[in-house]
Amino acid sequence: MTILVTGGAGFIGANFVHSWLGSHSETLINLDKLTYAGNLANLTGLETDPRYQFIHGDIADRALVSNLLTTHQPTAVLNFAAESHVDRSIQSPGAFIQTNIVGVFNLLEEVRGYWQGLAELARDQFRFLQISTDEVYGTLTPTDPAFSETTPYRPNSPYAASKAAADHLVRAYHHTYGLPTLTTNCSNNYGPYQYPEKLIPLLLLNALAGKPLPIYGNGTNIRDWLYVTDHCEAIQVVLAQGRVGETYNIGGNNEKTNLEVVHTLCDLLAEIKPRDYQALIQFDPDRPGHDLRYAIDATKITQELGWWPRMTFEQGLRATVGWYLEHPHWVDSIISGEYQHWVATQYQGQS
Ligand code: NAD
Ligand code: DAU
């Protein structure tokens with residue numbers, strides 16, 4: 001038994017690889033292009049595990065994907081690979097179209113051919129799981145009900161539009177060809193191994209370095225935060241028990257304004273390394289097209305599959321701060337490379 005994971009050197013993918021190998025005996029093949037966001041240091045300790053194999057490559061490379069499928073005969077393909085940062089999609093959308101749409105199309109085409117050639121039982125048991133986002137649903141007002149699986153897609157950023165396109169392709173491959181697909185739409189993750197372009201690790205590392213804490217607009221935008229290991233558990237539950245062709249929303253039941261996030265983080269850091277971190281908060285120009293609020297109604301996955309988030313925001317944030325403080329080498333290697341360039345482009349004058 002083997003599963004093929006794509007994008008397993010990124011934040012959520014790496015957490016998934018660790019959690020899968022911690023509880024399964026199946027072999028896991030990890031196909032990752034190692035973009036700026038992919039980092040083999042996220043997978044340290046697995047190099048000698050006979051159940052694990054890393055392949056450096058692109059999901060859009062059909063010959064490579066075809067060869068991997070034929071050689072390893074996976075029972076499931078889980079697609080984490082994506083360009084994932086909204087601000088980068090605003091600056092340079094091309095890579096998002098290439099990986100999140102063309103890449104997913106190429107991957108689906110190869111998976112379809114492989115799946116159609118399997119024996120009947122293996123065909124029934126095979127799953128293609130697309131890891132998607134709540135951003136495909138667009139934005140909510142403060143009083144709207146949370147996103148459910150029947151909320152219409154209304155993506156607002158190039159990133160969200162590219163993920164929505166991928167979700168539609170996955171849906172079409174199930175509807176047209178019968179490919180046994182599953183799709184998960186998850187809210188904002190945080191936790192170990194997250195690249196510090198995203199809000200929580202960015203604030204955390206800037207605070208520790210005494211740098212400004214950039215909050216876009218007035219800080220009242222709301223996100224629903226989920227600790228990454230809770231997300232990984234939900235994916236495993238959907239893979240094992242999800243109904244073929246269905247989508248499942250995954251959320252943390254943790255709606256916070258960005259101001260609440262930064263204040264909670266500053267208070268927590270002040271306990272561990274005393275200093276007035278709140279004074280570092282700085283209001284920056286707003287993100288173009290900034291979605292006001294995301295919120296997930298996770299009733300379906302809870303009622304059908306018995307999953308719910310275990311970590312509170314305070315527990316998760318404490319665990320996250322602890323992890324970054326305990327991994328200074330990981331942090332140093334990240335912030336000394338491409339990251340400098342990104343910070344200089346996105347936050348003028350702050351690198
Ligand atoms: P990430 O940016 O940290 O990692 C993405 C990984 O994909 C990297 O290892 C990168 O090298 C790899 N990759 C990129 N293009 C590739 C290609 N063409 N072929 C092979 N590998 C490629 O992203 P993440 O935050 O871990 O997100 C993983 C998935 O979860 C994405 O699909 C994202 O849309 C989705 N998601 C993320 C969040 C979040 O809060 N981070 C929430 C919901 C859903
Ligand atoms: O909702 C799920 C999505 O969450 C995932 O699909 C995306 O891959 C992931 O990047 C994330 O998107 P967001 O845009 O919500 O996350 P980000 O961390 O970039 O921003 C969170 C909020 O914080 C958002 O309202 C913008 C704001 N923000 C972000 C940054 C980087 C700031 O105020 N300042 C910043 O410097």
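Reader: Which helices and strand each supply at least two residues of the shell around ligand 2?

Author: Helix H3 (86-91), helix H7 (199-208) and strand S8 (213-216) each do that. Helices here are DSSP runs of H or I with at least four residues, strands are runs of E with at least two, and the numbering goes from the N terminus. This is a predicted model, where local features need pLDDT of at least 70, side-chain atom pairs count only at pLDDT 80 or more, and totals for chains, interfaces and linings use all residues. Residues are numbered from 1 along each chain as its sequence is written, chains are lettered from A and ligands numbered from 1 in the order in which they are written, and side-chain values use heavy atoms, with hydrogens and water left out.

Reader: OK, which element gives the most to that shell?

Author: S8, with three residues.

Reader: And how many residues surround ligand 2?

Author: 25 residues, and the closest are Asp-134, Glu-135, Tyr-159, Arg-287 and Tyr-347. A residue is near a molecule if one of its heavy atoms lies within 4 Å of it.

Reader: Which side chains have an N or O atom by a ligand oxygen?

Author: Arg-287 has one 2.6 Å from an oxygen atom of ligand 2, and for Arg-223 the distance is 2.8 Å. Taken alone, ligand 2 exposes 690 Å², and the protein buries 95% of that. Those areas come from the Shrake-Rupley method with a 1.4 Å probe; for residues, only the protein chains shown count as cover.

Reader: Is Cys-232 buried or exposed?

Author: Cys-232 is buried, at a relative accessible area of 1%. Buried means under 20%, exposed over 50%, and partly exposed in between, using a 1.4 Å probe and protein chains only. Cys-266 is buried too, at 3%.

Reader: Last one, where is Tyr-339?

Author: In helix H13 (residues 338-346). Tyr-339 is buried, with a relative accessible area of 5%.

Reader: What is Tyr-339 in contact with, leaving aside its neighbours within four places in sequence?

Author: Tyr-195, Pro-196, Glu-197, Leu-202 and Ile-334, where contact means heavy atoms within 4.5 Å. A polar atom of the Tyr-339 side chain lies 2.7 Å from the backbone oxygen of Pro-196.

Terms used: A polar contact is a pair of N or O atoms within 3.5 Å; within protein, one must be able to donate a hydrogen and the other to accept it, and residues adjacent in sequence count only if both atoms are side-chain atoms.
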